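Please look over the sequence and the fold below before reading on.

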Amino acid sequence: MPRYHPLLVALHWLLAVMILVALIMGGTVLKGTPNSDPAKVTALMQHMSAGIAILALMVIRLLVRLRSAKPPPADIGYTLLNMLGVAMHYALYLAVFAMGISGIVTANIAGLPEIVFFGADFPLPENFRDIQARAVHGVISKLLWLLIALHVAAGLYHQLVRKDGLFARMWFGRGA
């Protein structure tokens, strides 16, 4: 079976872990820590650094994907489902990029780069609720969770029900 470029495979799995960690951290640690807590700055630094790294790696992944040979799209015999599978991958890319961009916009509006990365001696905003980009960031996080769940479910369907070996395309090894 033809496989994706090894760099794409490595980036896929690295980004999968990084995105899950960033989503969990944003939805638990950051959400549960008041802005008045000094530990919030450290948590924001970790979350923002991860978000920037994810965005950079996504750009690299997109460039490698556009410039490398790739297997043909999966064909399960149903045109609509085949199109849905392709659309799902585009939606994942779009959601991750939108998540990163909305995070950057939120951070800039709240003055976070100066506080978090450059040690500015002023407090975090009382909250982020009034920042529209933060609301968008939250909505995209829920959408991203849904897209990830559907992506994993589709992968499990291919691996366990169809047993078509599709998973091997996004794993390490020699191509056919």
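H1, H2, H3, helix H4 (112–117) and H5 each give at least two residues to the lining of the second largest pocket, where helices (H or I, at least four residues) and strands (E, at least two) are DSSP runs numbered from the N terminus. This is a predicted model, in which local features need pLDDT of at least 70, side-chain atom pairs count only at pLDDT 80 or more, and totals for chains, interfaces and linings use all residues. Residues are numbered from 1 along each chain as its sequence is written, and side-chain values use heavy atoms, with hydrogens and water left out.

A pocket is found on a 1 Å grid over the protein atoms alone, as an open set of points where a 1.4 Å probe fits, with protein on both sides within 12 Å along at least five of seven lines, and its lining residues have an atom within 4 Å of a point. Grid points are joined across faces, edges and corners, and a volume is the space filled by probe spheres set on the points.

The largest pocket has a volume of about 1500 Å³. Its lining is made up of 44 residues, of which His12, Met88, His89, Leu92 and His151 are the closest to its centre. At least two lining residues come from each of helix H1 (6–32), helix H2 (39–67), helix H3 (79–110) and helix H5 (132–162), and the lining as a whole comprises 32 nonpolar, 8 polar and 4 charged residues.

Histidine 12 belongs to helix H1 and is buried, with a relative accessible area of 17%, buried meaning under 20% with a 1.4 Å probe and protein chains only. Neighbours within four places in sequence aside, histidine 12 is in contact (heavy atoms within 4.5 Å) with Arg61, His151 and Met170.

Which residues touch the most other members of the largest nonpolar core? They are Leu15, Ile19, Ile54, Met58 and Leu144, in a core of 21 residues; such a core is a set of buried Ala, Val, Leu, Ile, Met, Phe, Trp, Tyr and Cys residues joined through side-chain atoms within 4.5 Å. H1, H2, H3 and H5 each give two or more residues to this core, and the largest share, 7 residues, comes from H3. A second, separate core has 14 residues, among them Met25, Leu44, Ala107 and Val116.

Two loop residues complete the tour. Serine 68, in the loop between H2 and H3, is buried at a relative accessible area of 13%, and a polar atom of its side chain lies 2.7 Å from the backbone oxygen of valine 64. Serine 68 and histidine 5 are 63 residues apart in sequence, yet 6.7 Å apart in space, C-alpha to C-alpha. Asparagine 35, in the loop between H1 and H2, is likewise buried, with a relative accessible area of 14%, and its side chain reaches the backbone oxygen of proline 125 at 2.8 Å.

Note on methods
Nonpolar A, V, L, I, M, F, W, Y, C, P; charged D, E, K, R; others polar. Buried < 20%, exposed > 50% of the residue type's maximum accessible area, 1.4 Å probe, protein only. Polar contact = N/O pair within 3.5 Å; in protein donor to acceptor, adjacent residues only side chain to side chain.
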